[in-house]
Amino acid sequence: MSKKTVRNLGTWFGLGDLPKAPGTFGTLGGIPIFIFLSFIRGFFPNNMVYNSFYFMFLMTFFAISVYVSDICEREIFKKEDPQNVVIDEVLGYLTTLFLINPVGVYQNMVAIVLAFVIFRILDITKIGPIDRAQHFENGVGVVLDDFLAGVIGNFIMVCIWTIFF
């Protein structure tokens, strides 16, 4: 992968280069992917197969995020956990939405907004293991804290979704 491609992925096509709140804008960059994933859900025979696909997608995205973040840290920005790198926010946001399976425009909008708020709160506050996870090296720390925020956010989302939908 060229450095330009890695930089584009790391900054999520420039969203991480915005001067204010790059993490927030990076998280917003996950919305089109979730909308696309929601659209293709109709091509799967049932939610179980779709959820398995979504899981494989997340794990692949995790691996790519670690690779991209590592190169961004070491070779492109030459600093630890650069603010410009927001591919990890996209992963965390999409992880928050795992297993939710909203039906229709209304449920999709509720899921998109609710997951955004939950993930951003967890990402900003970095409670418990989320904070400790960012101290790993080689791109893993950049990604792992947001992934854990997404996992915890997913538990909260699943609880809320189970109660209200």
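**Pockets, cavity and rings**

Modeller: By class, the residues that line the largest pocket are seven nonpolar, four polar and eight charged, where Ala, Val, Leu, Ile, Met, Phe, Trp, Tyr, Cys and Pro count as nonpolar, Asp, Glu, Lys and Arg as charged, and the others, Gly among them, as polar. Please keep in mind that this is a predicted model, in which local features need pLDDT of at least 70 and side-chain atom pairs count only at pLDDT 80 or more, while totals for chains, interfaces and linings use all residues. Residues are numbered from 1 along each chain as its sequence is written, and side-chain values use heavy atoms, with hydrogens and water left out.

The largest pocket has a volume of about 270 Å³, and of the 19 residues that line it, Gly 23, Gln 83, Glu 89, Asp 123 and Lys 126 lie nearest its centre. Two or more residues of this lining come from each of α2 (22–28), α5 (87–96), α6 (104–125) and α8 (140–164), helices being DSSP runs of H or I with at least four residues, numbered from the N terminus. A pocket here is an open set of points on a 1 Å grid over the protein atoms alone, with protein on both sides within 12 Å along at least five of seven lines, a cavity is a set where a 1.4 Å probe fits but cannot get out, and lining residues have an atom within 4 Å of a point.

The second largest pocket, with a volume of about 160 Å³, has a lining that divides into two nonpolar, four polar and six charged residues. Among the residues of that lining are Asp 70, Glu 73 and Arg 74, together with Glu 80, Asp 81, His 135, Phe 136 and Glu 137. The elements that give two or more residues to this second lining are α4 and α8, and the largest share, three residues, comes from α4.

The largest cavity has a volume of about 40 Å³, a volume being the space filled by probe spheres set on the points, which are joined across faces, edges and corners. Its lining includes Phe 34, Ser 38 and Arg 41, then Tyr 50 and Tyr 54, and also Leu 97, Phe 98, Leu 99 and Ile 100. By class, the lining of the largest cavity holds eight nonpolar, two polar and one charged residue, and both α3 (31–40) and α4 (47–76) supply at least two residues to it.

The structure holds twelve aromatic pairs, counted when ring centres of Phe, Tyr or Trp (its six-membered ring) lie within 6.5 Å, with planes under 30 degrees apart called stacked, over 60 edge-to-face and the rest tilted. Tyr 54 and Phe 98 form a tilted pair, 5.6 Å centre to centre with 35° between the planes. Because Tyr 54 lies in helix α4 and Phe 98 in the loop between α5 and α6, this pair ties together parts that are 44 residues apart in sequence. Tyr 54, at 2% relative accessibility, counts as buried, and Phe 98 counts as buried at 15%, buried meaning under 20%, exposed over 50% and partly exposed in between (1.4 Å probe, protein chains only).

Phe 98 also forms a tilted pair with Phe 55, at 6.1 Å centre to centre and 40° between the planes. That pair likewise links distant parts of the chain, with Phe 55 in helix α4 and Phe 98 in the loop between α5 and α6, 43 residues apart. Phe 55 counts as partly exposed, at 42% relative accessibility. Ring pairs link Phe 55 and Phe 98 with Phe 44, Tyr 50, Phe 53 and Tyr 54 into a cluster.
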